[in-house]
Amino acid sequence: MAGSRALEEWSPEEIRAWDRQYVWHPFTQMADYLARDPVIVAEAEGVRIRDIDGRWYYDGVSSIWLNVHGHRVPALDQAIISQLQRMAHVTLLGQGHVPVAVLARRLADWTPRGLHRFFFSDSGAAAVEVALKMAVQYWANQGQGQRTRILGFTTNYHGDTLGAMAVAPDPTFHWPFLSYLPEEPRAPYPYCYRCPLGRSWPDCQMACLDAVEAVMAEEQERLAAVIIEPVQGAGGIIPAPPGYLRRIRELCDRYGVLLIVDEVATGFGRTGRMWGVDHDGVIPDILCLGKGLSGGYLPISATVATDAIYQAFLAPVAEKKALYHGHSFAGNPLAAAVAIANLELFTPEFLDSLQRRSEELPDLLQPVTQLPFVGDLRVRGLMAGIELVRDPVAKRPFPYGAQAGFVVADQARRLGMLIRPVGNVVIFMPPLATSAADLQAMAEILVEAVRAAGPQLAALAKQAAGAPGAEGLGGEGAF
Ligand SMILES: *Cc1c(COP(=O)(O)O)cnc(C)c1O
């Protein structure tokens with residue numbers, strides 16, 4: 001019986017057996033998982049993770065893009081311990097509590113001008129669902145119930161719940177559910193490496209915006225909002241070109257629709273500035289925050305609204321204009337307490353060193369562009385994507401199922417770093433507090449992993465050349 005023993009007393013063999021027998025892992029083909037020798041983590045410290053066999057690895061994707069200041073940061077640990085001595089959880093439905101009030105006040109010092117009303121949830125997907133509902137109901141509350149549609153962008157990712165899937169339907173991930181998802185209008189994201197117009201930036205002057213405007217013009221009467229990521233994360237680390245978001249903001253203003261910016265991945269310094277929108281000086285109507293909000297410690301997310309949006313929900317109860325949404329664990333006090341402590345670590349010194357790491361990273365990764373099967377290197381702040389292609393001249397992708405990204409991830413693991421690709425894009429997202437020396441060591445592992453994967457990638461490319469050509473990114477498993 002798995003009874004009352006301290007967790008560290010169980011043997012690696014027992015843990016491995018129970019993981020195999022009882023756990024169903026997210027975003028994972030379990031048949032593939034069971035055929036592998038997966039990492040099972042015992043502890044983490046700083047920018048490193050130790051497995052149950054005692055091997056240490058760099059945390060090369062910040063434990064799925066969450067971690068900011070490292071693992072087991074004394075100030076963050078202490079915030080949770082102190083809060084635990086008061087309460088672990090109470091509801092936010094119809095009542096307040098201390099940690100969330102303080103967190104909201106603190107966040108208001110950081111969020112873009114005018115975005116000062118915080119609706120807390122427990123995951124990024126929930127923050128997006130709330131944003132979609134806020135946008136649609138904002139119009140409905142004002143007698144414009146016909147405005148229900150949300151314009152999203154191709155290859156975007158907003159989470160796994162139905163609303164989040166509806167604005168980012170993906171034939172690979174969502175094929176069984178497509179009939180559940182209302183058909184929302186979509187526009188092409190500026191994926192410059194594979195520009196559908198065959199143009200290149202900046203000469204193109206962002207001609208792709210015409211397609212966005214065309215959709216907005218056509219849908220104008222029924223459109224509630226546009227939702228966009230400043231850098232597409234799970235889409236393959238695709239930064240929008242400088243100025244693009246500003247143009248989207250202008251279009252939203254021209255057509256009178258709300259702008260939702262999903263910064264679940266890009267927020268809290270990930271792009272080198274506090275928010276992805278800061279690069280363009282854009283102010284959204286609704287902002288979605290998650291991942292880094294608690295420094296990667298505990299599940300908490302927020303949907304941030306302008307006062308104009310918030311005001312549209314104020315009315316006598318009988319008018320049913322409230323936002324009827326809320327999760328049991330919304331605004332959990334432990335998560336809120338560590339989120340406050342996380343923000344306190346965003347000192348001028350920290351932001352300064354983040355700036356320097358962001359400037360160093362492109363140079364550190366540059367050698368990868370000389371290697372075979374590397375089509376594109378994309379870096380913004382401490383998010384980097386290396387797009388693998390089986391033919392760099394024709395930019396032909398590896399087919400779906402070839403798991404080209406995982407070939408590199410396996411090599412990185414052998415060399416002492418854990419990463420997780422999305423399809424054919426190798427992803428590197430170190431904790432934001434990574435030191436210059438660790439960043440250099442991690443980048444070297446990454447470059448070496450791509451180099452070491454060469455022979456296997458060559459074999460996959462040869463196989464693919466003989467098979468009927470699969471197009472698209474071949475995305476096996478966002479995350
Ligand atoms: C991760 C992510 C989400 C979903 O967040 P979860 O906490 O995994 O639900 C939403 N949007 C973006 C841009 C993300 O990267």
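Biologist: Happy to start with the ground rules. What do the numbering and the confidence limits look like here?

Modeller: Residues are numbered from 1 along each chain as its sequence is written, and side-chain values use heavy atoms, with hydrogens and water left out. As the model is predicted, local features need pLDDT of at least 70 and side-chain atom pairs count only at pLDDT 80 or more, while totals for chains, interfaces and linings use all residues.

Biologist: Thanks! Why is Met206 called buried?

Modeller: Buried means under 20% relative accessible area, exposed over 50%, and partly exposed in between, with a 1.4 Å probe and protein chains only. Met206 has 9% relative accessibility, so the label is buried. Met206 sits in the loop between β6 and α9; helices (H or I, at least four residues) and strands (E, at least two) are DSSP runs, numbered from the N terminus.

Biologist: And what makes the backbone of Met206 worth a look?

Modeller: Phi of Met206 is near 55 degrees, a positive value in a residue other than glycine. Most residues other than glycine have a negative phi, and most peptide bonds are trans. The loop between β6 (186-187) and α9 (209-219) also holds Pro202, and the peptide bond from Trp201 to Pro202 is cis, with omega near 5 degrees.

Biologist: Lys320 has a positive phi of about 55 degrees too. Is Lys320 buried or exposed?

Modeller: Lys320 counts as exposed, because its relative accessibility is 63%. Its place is the loop between α11 (307-311) and α12 (333-344).

Biologist: Asn332 is also in the loop between α11 and α12. What makes its link to His89 a polar contact?

Modeller: A polar contact is a pair of N or O atoms within 3.5 Å; within protein, one must be able to donate a hydrogen and the other to accept it, and residues adjacent in sequence count only if both atoms are side-chain atoms. The side chains of Asn332 and His89 make such a contact at 3.0 Å. The Asn332 side chain also reaches the backbone oxygen of Ala88, at 3.0 Å. With 12% relative accessibility, Asn332 is therefore buried.

Biologist: How do you know that His97 touches Asn332?

Modeller: Contact means heavy atoms within 4.5 Å. Leaving out residues up to four places away in sequence, the residues that His97 touches include Gly331, Asn332 and Pro333. His97 and Pro333 are 236 residues apart in sequence, yet 7.6 Å apart in space, C-alpha to C-alpha. The side chain of His97 reaches the backbone oxygen of Gly331 at 2.8 Å. His97 counts as buried because its relative accessibility is 8%.

Biologist: Why is the pairing of Arg16 with Asp53 called a salt bridge?

Modeller: A salt bridge is a side-chain nitrogen of Lys or Arg within 4 Å of a carboxyl oxygen of Asp or Glu. For Arg16 and Asp53 the N to O distance is 2.6 Å, so the label applies. Arg16 lies in helix α1 (residues 12-22) and Asp53 in the loop between β2 (48-51) and β3 (56-59), so the pair ties together parts 37 residues apart in sequence. The structure holds 24 salt bridges.

Biologist: What makes Glu43, Glu45, Arg50 and Arg72 one network?

Modeller: Salt bridges that share partners join these four, Glu43, Glu45, Arg50 and Arg72. Arg72 pairs with Glu43 at 3.1 Å, N to O, and with Glu45 at 3.5 Å, N to O. Arg72 is called partly exposed because its relative accessibility is 42%.
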